[in-house]
Amino acid sequence: MTIDIRRLRDRLPQEMADLESEARREGYRHIARLIDHWSIGDNRFEHHGERLLGAYVDDALVGIGGMTVDPAMPAALRMRRFYIRPAMRERGLGRMLALALLDHARSCCTIVTVHAGNDGAARFWESLGFQPHGRDGNTHLLAVRRHSDDPATSDLRRCVTPRSP
């Protein structure tokens, strides 16, 4: 099994429709919102610090996750639109995606927020160091250290640096 984390730009991959269908069957609408906002140009993850990544296994899109400027805290970035196909969960793909985004965040901010949609998501974000923070539409917050302040990040970058397609 070959795992690849890729930055998504310019256009969404065709497989997004399948990802959205699976998410909708589970009762999640955030992938449909991602597609809608992208198609009308409202959010293409283009502002400073923003990023949209796809998780691929053997060249098939199996997950997605992004980071945008937090609307309530403009100096912070917000994790959003995370989804891993049910058949691919519990393999560390969500963690790889999140760590790749957090590694990127270290180059441009010191606070990352998230709105965990359920208890399982809250446990996931807390396992990555996020702390409960029930304000401004966010459920959790993480203070990140900049690359220049944290010598350990050089090892992390080697492990999970996203590749562009």
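Predicted model: local features only at pLDDT ≥ 70, side-chain atom pairs only at ≥ 80, totals over all residues.
In soluble globular proteins, nonpolar side chains tend to be buried together. Here, the largest nonpolar core holds 29 residues, and those touching the most other members are Met79, Phe82, Leu97, Leu102, Val112, Trp125 and Phe130. Two or more residues are contributed by each of the strands β2 (51-57), β3 (60-69), β4 (77-84) and β5 (111-114) and by the helices α3 (93-105) and α4 (119-127). Helix α3 supplies the largest share, with seven residues. A second, separate core comprises 14 residues, among them Ile31, Leu52, Tyr56 and Ile64.

Phe82 illustrates how the parts of the chain meet. Leaving aside residues up to four places away in sequence, Phe82 touches His30, Ile64, Gly65, Gly66, Gly94, Leu97, Ala98, Leu101 and Trp125. Its relative accessible area is 17%, which falls under the 20% limit, so Phe82 counts as buried.

The structure contains four aromatic pairs. Trp125 is buried, at a relative accessible area of 5%. Phe124 and Trp125 also pair: their ring centres are 4.9 Å apart and their planes stand at 75°, so this arrangement is edge-to-face. Phe124 is partly exposed, with a relative accessible area of 25%. Ring pairs join Phe82, Phe124, Trp125 and Phe130 into a cluster.

Another ring contact involves a charge: the charged end of Arg6 sits over the ring of Tyr56, 4.0 Å from the ring centre.

Conventions: Residues numbered from 1 in each chain as written. Heavy atoms only, no water. Core = buried A, V, L, I, M, F, W, Y, C linked by side-chain atoms within 4.5 Å. Buried < 20%, exposed > 50% of the residue type's maximum accessible area, 1.4 Å probe, protein only. Helix = DSSP H or I, 4+ residues; strand = E, 2+ residues; numbered from the N terminus. Contact = heavy atoms within 4.5 Å. Phe/Tyr/Trp six-rings, centres within 6.5 Å; stacked < 30°, edge-to-face > 60°. Lys NZ or Arg CZ within 6 Å of the ring centre and 35° of its normal.
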